[in-house]
Amino acid sequence: HQHHFGPPADGDGNGSGLWIASRYPLVEPRFTAFELGRTRYIPWHLDWMAHKGIALAEVTTPAGPVTLATLHLQSTYVVGDYGFVQRGQALQAAAALADARGPLILTGDFNAEADAPPVAVVRAQLGLTTAGDDFDIDHIFVRDATVTAHDQLFVEPVVFATREAGRTLSD
């Protein structure tokens, strides 16, 4: 079971957004686009083009329902300060998940280290704990759940049907 949240792929097979996949059925998948980060502060910082936000779905498991969510926060750049955008997006993500009942698993590209303000905001607002090793700026957090295994995928270049050369996937 899977759901892509974002604009449709263009003619070259390119697209952006978020994706949730589960071996169990997804119930009511939904997406909230971030309010901040859609403005071109610096035109060549291309995050404003991406369909960033928070995606979530209820997952019906044998142990009961679980809320599965993923997000992608504004990237940081060497030139320019996007901390205010990241913090605003983190607050919006926490608000979008505030009504999640039962176990919650939140994954995503926070574009911030585990001790950075946007990560701390989400964790504090939702009462989340770390589910295991962090992958630099990508994180897995849980509430009322135990993660027994996790893995980082797509670390080697992936070859798409529309491309001859492999492409390293971000996030």
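Analyst: Helices and strands are here DSSP runs, at least four residues long for a helix and at least two for a strand, and they are numbered from the N terminus. The model under discussion is a predicted one.

User: In what pattern do the helices and strands follow one another along the sequence?

Analyst: The secondary structure of the chain consists of two helices and eight strands. Read along the sequence, these elements give the pattern β-β-β-β-β-α-β-α-β-β.

User: What share of the residues in the chain is buried?

Analyst: A residue counts as buried when its relative accessible area is under 20%. The chain has 171 residues, and the buried share of them is 36%.

User: Which residues does L71 contact, leaving aside its neighbours within four places in sequence?

Analyst: A contact requires heavy atoms within 4.5 Å. With neighbours within four places in sequence left aside, the contacts of L71 are L18, F34, G53, I54, A93, L106, T107, G108, D109 and F110.

User: Is the pair of F5 and F31 stacked or edge-to-face?

Analyst: The structure holds two aromatic pairs. In the pair of F5 and F31, the ring centres are 6.3 Å apart and the planes stand at 25°. F5 belongs to strand β1 (residues 2–5) and F31 to strand β3 (residues 26–33), so the pair ties together parts that are 26 residues apart in sequence. Planes under 30 degrees apart count as stacked, so this pair is stacked.

User: Is the pair of F110 and F141 stacked or edge-to-face?

Analyst: F110 is in the loop between β6 and α2, whereas F141 is in strand β8 (residues 138–143), 31 residues apart. F110 is buried at 0% relative accessibility, and F141 is buried at 0% relative accessibility. The ring centres of F110 and F141 are 5.6 Å apart and the planes are at 85°, so the pair is edge-to-face.

User: Which residues line the largest cavity?

Analyst: The count comes to one cavity of 30 Å³ or more. The largest cavity holds about 40 Å³ of space. Its lining residues are G37, T39, Y41, H45, D47, W48, Q74 and Y82.

User: What is the phi of N111?

Analyst: Most residues other than glycine have a negative phi. N111 is found in the loop between β6 and α2, and N111 is buried at 10% relative accessibility. Although N111 is not a glycine, its phi is positive, at about 50°.

User: Is D144 buried or exposed?

Analyst: D144 lies in the segment after β8, and its phi has a positive value near 55°. Exposed residues have over 50% relative accessible area. The relative accessible area of D144 is 61%, so D144 is exposed.

Note on methods: Residues are numbered from 1 along each chain as its sequence is written. This is a predicted model: local features need pLDDT of at least 70, side-chain atom pairs count only at pLDDT 80 or more; totals for chains, interfaces and linings use all residues. Side-chain values use heavy atoms; hydrogens and water are left out. Buried means under 20% relative accessible area, exposed over 50%, partly exposed in between (1.4 Å probe, protein chains only). Rings of Phe, Tyr and Trp (its six-membered ring) pair if their centres lie within 6.5 Å; planes under 30 degrees apart count as stacked, over 60 as edge-to-face and the rest as tilted. On a 1 Å grid over the protein atoms alone, a cavity is a set of points where a 1.4 Å probe fits but cannot get out, and a pocket is an open set with protein on both sides within 12 Å along at least five of seven lines; lining residues have an atom within 4 Å of a point. Grid points are joined across faces, edges and corners, and a volume is the space filled by probe spheres set on the points.
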